[in-house]
Amino acid sequence: MSITDFLTDLVNPDLAFLPKALAVAVMSSIVCGVVGCYVVLRGMAFIGDAVAHAVFPGLAIAFVLQGSLVLGGAVAGVATALLIAIFSQNRRVREDSLIGVFLVAAFALGIVIISQAPGYAGSLQQFLFGSITGIPDRDLVLVGFTGLVILGLLLALHKEFVAVCLDREMARSMGLPVFWLDIVLYVLVTLAVVISLQTIGNVLVLALLITPAAAARLLTDRLGVMMLLAPAIGGTSAFVGLYLSWSYDTPVGGIIVLVATAVFLIAWLFAPRHGLLAKRRTRLRQPPAEPDPVTGPAVAAGNAH
Amino acid sequence: MRALDIEHLDVDLGGRPVLRDVRLHLDRGELVGLLGPNGAGKTTLLRAVLALVRTRNGRVLVEGRPARPGRSAIGYVPQRHEFAWDFPISVEHVVLSGRTGRLGLLRRPGVADWRAVGDALDRVQLSGLRRRPVAELSGGQRQRVLVARALALAPSILLLDEPFTGLDMPTQELLGELFASLAREGRAVLMTTHDLVAAVESCTRLVLLNGRVIADGRPDELHDVEVWMRTFGVSETSPLLKLVKAG
Ligand SMILES: Nc1ncnc2c1ncn2[C@@H]1O[C@H](COP(=O)(O)OP(=O)(O)O)[C@@H](O)[C@H]1O
Ligand SMILES: [Mg+2]
């Protein structure tokens, strides 16, 4: 199918679900791209993973009670995010395995709950792997509104989040409310996960959070640029992924993630400074380190990664 | 008025006593080396000055007032490994981040903030590298970035946590000179280290700490081998003591 056919289908009133799916997929990918920058830079991928798991029983309950899935997922996810924020304040204590145990249990609980609904196998597949049909109009609005709130808060608290990412101890000494900033960030990650669940699915949503941001990190050394590149990569992957998925009748979540992964691999190989090839080239050439008048030569670029 | 007064300070961490009856006074112009073995409570003492740990007893006065995070005129330079050096950020933005607390929520940095950043970078001679990503700096340059970040608040007290650790001798010497001149300009500088040579070289006063203050005096006053043995828990044959006697 050519891209023109795809665009024609998008405006076909008989296929009204398609533009809705596209809007939700692109919006959530953009939001996940921006939030994902913090997730990648703080190395908190496991929070995204935890939240994606924990959201499931909330979805299941909402499904059985026929309530809003976004709302059900949000409640369960935010509760988890708060618990993790509280547990992880004391960095000396490793709670990883405890959190792991609870999350898999939550997932199991979700499966048991959802099995109470008639014909649950189809819905289960939809939750786990995403789907482009059956997005109600009110969810479209909810996703758009939530996305704007997330981006607005990230912008408003940007310098505080950066300070905490750089150095928690210094942030505390400056009087920043580090604990509350952690909670806000975790909740924003959760909301980004929840609004993405419908199209991408529970299993793959982590990729939407991590992959575009990780690719963007390889392409730049400037945070501002990274936070523009990541949503651009995510949004484009969503668009291209939905097009391919529609053309070849393949699951949309899987295709979107594969497209984003392709972008990541290209960045990993060819990125101007951090790519594999660029590093090999500099290693072969061994440029003289630029001397510093006060403390001698700088370490080689990228040494700290 | 003294820059820093610590009176009868007791601190417990995780239910265990870490500091007991610590008394320490700092005037502007002093560069004081806080010496002690690993686990002596050096970092904890700095955190108590910053009001980041709960004190069990005693008090900490910064320029005559109880210390409060974000309010006191203290510049903090934590150990280099506390900082996320792989973060995609330039030198000048790291220094600017030192003013985040003072700026307050929802406020963007203005002319005064950037001027403070420029002054701090000039002071540590990093102006030439201000746009460089911090990941590409050497250890000595990184230490100076952290000092500049602390100076961006124009503090009257500077707390340095093990600034020499992991640096080679020439770099240590240059940093020591920088700290000494920062003190001479009228700041009170308190620096933890377990590097004796560098401390004896640059400090105007040494405080030996191991849970409590074991000795406090000018480097040339601390020739009593016994206090060094008690602080560091070493025997009479330790090479450390040769250094002390030689100094
Ligand atoms: N958050 C904490 N909880 C419990 N014990 C701690 C904590 N932080 C430090 N300690 C203990 O306090 C003692 C002093 O630590 P610290 O001040 O870091 O020593 P130093 O900086 O002199 O090496 C050590 O025994 C350390 O194990
Ligand atoms: Mg220490």
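B:Asp216 and B:Arg205 form a salt bridge, with the closest N and O atoms 2.9 Å apart. The pair links distant parts of chain B: B:Asp216 sits in strand β10 (residues 212-217), B:Arg205 in strand β9 (residues 205-210), 11 residues apart. B:Asp216 has a relative accessible area of 38%, so it is partly exposed. B:Arg205 is at 12%, so it counts as buried. The model is predicted.

Over all chains, the structure holds 27 salt bridges. Side chains of opposite charge can pair when their charged atoms come close. Another such pair in chain B is B:Asp113 with B:Arg99, at 2.7 Å from N to O. Here B:Asp113 belongs to helix α4 (residues 111-123) of chain B, while B:Arg99 lies in the loop between α2 (91-97) and α3 (100-103) of chain B. B:Asp113 is buried, because its relative accessible area of 10% falls under the 20% cut-off. B:Arg99 is buried too, with a relative accessible area of 11%.

Chain A has its own example. A:Lys20 forms a salt bridge with A:Asp137, and the closest N and O atoms are 3.0 Å apart. A:Lys20 is in helix α2 (residues 17-41) of chain A, and A:Asp137 is in helix α7 (residues 137-156) of chain A. The two lie 117 residues apart, so this pair links distant parts of the chain. A:Asp137 is exposed, because its relative accessible area of 51% is over the 50% cut-off.

Salt bridges can also share partners. One network of this kind joins A:Arg217, A:Asp221, A:Arg273 and B:Glu136. Its members include residues of chain A and a residue of chain B.

A polar contact in chain A comes next. The side chains of A:Arg168 and A:Asp182 are joined by a polar contact of 2.7 Å. A:Arg168 is placed in helix α9 (residues 168-173) of chain A. With a relative accessible area of 15%, A:Arg168 is buried.

Now the aromatic rings. A search of the whole structure gives nine aromatic pairs over all chains. A:Phe6 and A:Phe239 make one of them, with centres 5.8 Å apart and 75° between the planes. The pair is edge-to-face, because that angle is over 60 degrees. A:Phe6 lies in helix α1 (residues 3-11) of chain A and A:Phe239 in helix α12 (residues 223-248) of chain A, so the pair ties together parts that are 233 residues apart in sequence. A:Phe6 is at 0% relative accessibility and counts as buried. A:Phe239 is at 28% and counts as partly exposed. Ring pairs link A:Phe6 and A:Phe239 with A:Tyr243 into a cluster.

Last comes the ligand. Ligand 1 lies between chains A and B. There are 12 residues around ligand 1, and those that come nearest are B:Gly39, B:Gly41, B:Lys42, B:Thr43 and B:Thr44. An oxygen atom of ligand 1 lies 2.7 Å from a backbone N or O atom of B:Gly39. A polar backbone atom of B:Lys42 is 2.8 Å from an oxygen atom of ligand 1. On its own, ligand 1 has 560 Å² of accessible area, and the protein covers 69% of that. Helix α1 (residues 42-49) of chain B gives the most to the shell, with three residues. By class, the shell has four nonpolar, six polar and two charged residues.

Terms used
Residues are numbered from 1 along each chain as its sequence is written. Chains are lettered from A and ligands numbered from 1 in the order in which they are written. This is a predicted model: local features need pLDDT of at least 70, side-chain atom pairs count only at pLDDT 80 or more; totals for chains, interfaces and linings use all residues. Side-chain values use heavy atoms; hydrogens and water are left out. Helices (H or I, at least four residues) and strands (E, at least two) are DSSP runs, numbered from the N terminus. Buried means under 20% relative accessible area, exposed over 50%, partly exposed in between (1.4 Å probe, protein chains only). A polar contact is a pair of N or O atoms within 3.5 Å; within protein, one must be able to donate a hydrogen and the other to accept it, and residues adjacent in sequence count only if both atoms are side-chain atoms. Rings of Phe, Tyr and Trp (its six-membered ring) pair if their centres lie within 6.5 Å; planes under 30 degrees apart count as stacked, over 60 as edge-to-face and the rest as tilted. A residue is near a molecule or strand if one of its heavy atoms lies within 4 Å of it. Accessible areas come from the Shrake-Rupley method with a 1.4 Å probe; for residues, only the protein chains shown count as cover. Ala, Val, Leu, Ile, Met, Phe, Trp, Tyr, Cys and Pro count as nonpolar, Asp, Glu, Lys and Arg as charged, and the others, Gly among them, as polar. A salt bridge is a side-chain nitrogen of Lys or Arg within 4 Å of a carboxyl oxygen of Asp or Glu.
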